[in-house]
Amino acid sequence: MMQKSNNRLTELLNIHHPIVSAPMALAAGGALAGAVSRAGGFGLIGGGYGDPAWLEEQFITAQGERIGVGFITWALKKSPSLLTDVLKHKPAAVMLSFGDPRPFVDEIRDAGALLICQCQNTDHVWDAIDVGADIIIAQGSEAGGHGAARGTMSFVPEAADLLAEHAPQSVLLAAGGIADGRGLAAARMLGADGVLMGTRFWASREALVHENHHLAIIEANGDETIRTTIPDIARQLDWPRGLTARVRHNTFVRRWQGREKELKQNLSEEVIKYAKAFAAGDIENTGVWFGEAAGLIEDIESAGDIVMKIATEAEKVMR
């Protein structure tokens, strides 16, 4: 393992490289989280919409590596016992995204875990400051999966300025459109202590992603994604207003774009079609979940190799 990169994030998490893998629902299991941590980064299991048996299995799969877990906060609110169960595994950190973190803060702290809050706008940053989050993530719209409207380039330094003035003890991560060492170096220059990456680790061997979806990201460029509510409608998931999904702009999305009301009226049939296509790896008739960083990804590598390559490249760039 290369020499440790010492900064506030690596010191706080006791890791070698300021690289954290996102807790992507369905894709970020224990194998991915464990591999990232083993390579000197920090891996997060994706709690998703709450499947206790799956979460139990993923902590076992992580093979005792020091990892964390992330939850979709509004979904966790419906099943708060998930947090209680997960904390029995002693995760080093718990990440909360897309909702008010306040109902869960005390339980997380009492368990000795660090609190990570992912933010999509400045109001979210203020909420994270208010609860004393140990790590705050400024997530730009370029990110794959769910997010909002702010761009990474302006949001990260704005968040950095807020933290410098009001919460200097909190560590800042940048997320959205980051997939290589140049992105990590740029994030550091913008005032972040490190990065959270989803799409780049979605395109790893350990990610729970169908081979056809991996082939799709290799062939895609950054223009081939779109922010939309269509996959959530098809999955009958009632996401809060203002939060959309970035997915591959495929036949499924084009079919229903501008016809969202009609999609809702045909859910009895379309829910089944979506699920079957996803399970079969049909890249045209379901959601394919990657972000604008697709244009920077040319192959599917092991998560450990990804961590090391990005850390090495960032070090060269920053010199």
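**Salt bridges, a loop and a sheet**

Salt bridges come to 20 by the rule used here. Keep in mind that this is a predicted model. I'll take a few of these pairs in turn.

Start with R102 and D130. They form a salt bridge, and their closest N and O atoms are 3.1 Å apart. This pair links distant parts of the chain. R102 sits in helix α6, residues 102–110. D130 sits in helix α7, residues 122–130. Now accessibility. R102 is partly exposed, at 35% relative accessible area. D130 counts as exposed, because its relative accessibility is 55% and the cut-off for exposed is over 50%.

Next, R200. Which residues does R200 pair with? One is D299: the closest N and O atoms in that salt bridge are 3.6 Å apart. R200 lies in helix α10, residues 199–202, and D299 is in the loop between α15 and α16, so this pair ties together parts 99 residues apart in sequence. Another is E301, where the side chains meet at 2.8 Å, N to O. E301 is in the loop between α15 and α16 too, so here the parts tied together are 101 residues apart in sequence.

Buried or exposed: where does R200 fall? R200 counts as buried, at 5% relative accessibility. E301 is buried, with 12% relative accessible area. D299 is partly exposed, at 33%.

There is also a network. Salt bridges with shared partners join D100, R102, D127 and D130 into one.

Stay with the loop for a moment. S302 lies between α15, residues 267–280, and α16, residues 303–318. S302 has a relative accessible area of 13%, so it counts as buried, the cut-off being under 20%. What does S302 touch, leaving aside neighbours within four places in sequence? The contacts are R205 and E206.

Last, a sheet. How many strands does it have, and in what order? There are 3, running β7-β11-β10, in an open sheet with antiparallel pairing. β7, residues 145–147, and β10, residues 225–228, are the edge strands, and each pairs on one side only. From one strand to the next, the twist averages 30°. β10 and β11, residues 244–248, run antiparallel and are joined by 4 bridges. Within that pairing, T228 stands opposite A245 in β11.

That's my tour. Questions, please.

Notes:
Residues are numbered from 1 along each chain as its sequence is written. This is a predicted model: local features need pLDDT of at least 70, side-chain atom pairs count only at pLDDT 80 or more; totals for chains, interfaces and linings use all residues. Side-chain values use heavy atoms; hydrogens and water are left out. Two strands pair if DSSP finds at least two bridges between them. Helices (H or I, at least four residues) and strands (E, at least two) are DSSP runs, numbered from the N terminus. Axes are lines fitted to C-alpha atoms, for helices over the stretch in contact, and angles run from 0 to 180 degrees between N-to-C directions. Buried means under 20% relative accessible area, exposed over 50%, partly exposed in between (1.4 Å probe, protein chains only). Contact means heavy atoms within 4.5 Å. A salt bridge is a side-chain nitrogen of Lys or Arg within 4 Å of a carboxyl oxygen of Asp or Glu.
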